[in-house]
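Open the model in your viewer and keep the selection tool ready. We will go stop by stop.

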Amino acid sequence: MGRAFIFPGQGAQTIGMGRALADAYPAARDVFDEVDDALGEPLSALIWEGNAETLTLTQNAQPALMATSLAALRALEAEGVTLDAAQFVAGHSLGEYSALAAAGALSIADTARLLRIRGRAMQEAVPVGVGAMAAILGLDFEAVTALAKDAAEDDVCQAANDNDPGQVVVSGHKAAVERAVEMAKGRGAKRAMLLPVSAPFHCALMQPAAEVMREALEEVAMDRPAVPLVANVRAGAVTEPGEIRALLVEQVTGSVRWRESVSFMAQEGVTETWEIGAGKALSGMVRRIERDMTVRNIGTPEDVVAAVAALQGG
């Protein structure tokens, strides 16, 4: 059975995530301690005891979700399940950094610092209120790409996330995104709605953040991942550090090709995905993309024990 470890993106964060893992597994707690040390602040206290609004700030949510994912992976490792169990790693947007840390390409400390920089840079790239994102349901990527182009007029409006066959997210100037929402209803969309996000991610307006990340990525050590990464903007496998750096920069302004990434893994023999960390959003997408693919979530000690039992039984 081919298996991929997949890592969630922004939006999956909740207060208390990962705490049970840290309480049950010293190696999981060590991850949170390492992230706290790398950032010079007690991010774990915010994750476990803070308020949701502060956790949701991009600069906090990104390293927090990575920490939770890596804590879950360390819990699996404590039970004897290593990265050898995976054929690929992949992540949705910031989850790509979690995937690289999981595969040993980046250290946890460097990943935490990169995501703090990334979160701040993405937030600061566009003044609050200038940009927006919207989910278009019931139209495929090609239809939404055409819709975004027509809605843009003299503004930026792009298909930002190709999540699954019936869910595509557009991003850009607020007025253009609002036009896309209105136009979508006349083009057969089941639903179109603005998303509660603080910036227009994965579109050309993020170019200042892309330049920040280009410089930041040049300053960290990166090894070849232990298993191939299925990159967001390529929807294909990569292992060369230089290529990965370039794709991470491109990812800031480029589309997250999640639907194609999952289909690529299926074509390469993956029949099961483990969503490692907070939430279950990616598992829902996987089910809608590849109906025959099995999904498993690893976010609690109980999930870890069940996964280990399933591996031993299989």
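Buried means under 20% relative accessible area. Keep that cut-off in mind. The model you are viewing is predicted.

**Stop 1: an aromatic pair**

Select Phe 5. Its relative accessible area is 1%, so Phe 5 is buried.

Show both rings. How far apart are the centres of the rings of Phe 5 and Trp 274? The whole structure holds 3 aromatic pairs. In the pair Phe 5 and Trp 274, the ring centres are 5.4 Å apart and the planes meet at 20°, so the pair is stacked. Phe 5 belongs to strand β1 (residues 2-7) and Trp 274 to strand β9 (residues 270-276), so the pair ties together parts that are 269 residues apart in sequence.

**Stop 2: the strands around β9**

Select β1 and β9 together. They run parallel, joined by 5 bridges. Find Gly 2: its bridge partner in β9 is Val 270.

Go back to Trp 274 and look across to β10, where Arg 296 stands opposite.

Is β9 largely enclosed or open? Of its 7 residues, 6 are buried, so β9 is largely enclosed by the rest of the structure.

Now select helix α13 (residues 281-289). Together, β9, α13 and β10 form a right-handed β-α-β unit.

**Stop 3: helix α12**

Select residues 258-267, which are helix α12. Colour its buried residues: Trp 258, Ser 261, Val 262, Ser 263, Phe 264 and Met 265. After α12 comes Gly 269, with a positive phi near 105°.

**Stop 4: Arg 245**

Move to helix α11 (residues 241-253) and pick Arg 245. Its relative accessible area is 21%, so Arg 245 is partly exposed.

Which residues does Arg 245 touch, not counting those up to four places away in sequence? Show Leu 217, Glu 218, Val 220, Ala 221 and Met 222. Zoom in on Leu 217: the side chain of Arg 245 reaches its backbone oxygen at 2.3 Å.

Arg 245 and Ala 101 are 144 residues apart in sequence, and their C-alpha atoms are 13 Å apart in space.

**Stop 5: Ala 175**

Finish in helix α9 (residues 174-185) with Ala 175. Relative accessibility here is 36%, so Ala 175 counts as partly exposed. Ala 175 and Val 156 are 19 residues apart in sequence and 9.3 Å apart in space, C-alpha to C-alpha.

How values were computed
Residues numbered from 1 in each chain as written. Predicted model: local features only at pLDDT ≥ 70, side-chain atom pairs only at ≥ 80, totals over all residues. Heavy atoms only, no water. Buried < 20%, exposed > 50% of the residue type's maximum accessible area, 1.4 Å probe, protein only. Helix = DSSP H or I, 4+ residues; strand = E, 2+ residues; numbered from the N terminus. Contact = heavy atoms within 4.5 Å. Polar contact = N/O pair within 3.5 Å; in protein donor to acceptor, adjacent residues only side chain to side chain. Phe/Tyr/Trp six-rings, centres within 6.5 Å; stacked < 30°, edge-to-face > 60°. Pairing = 2+ DSSP bridges. Right-handed = clockwise from strand over helix to strand, strands pointing away.
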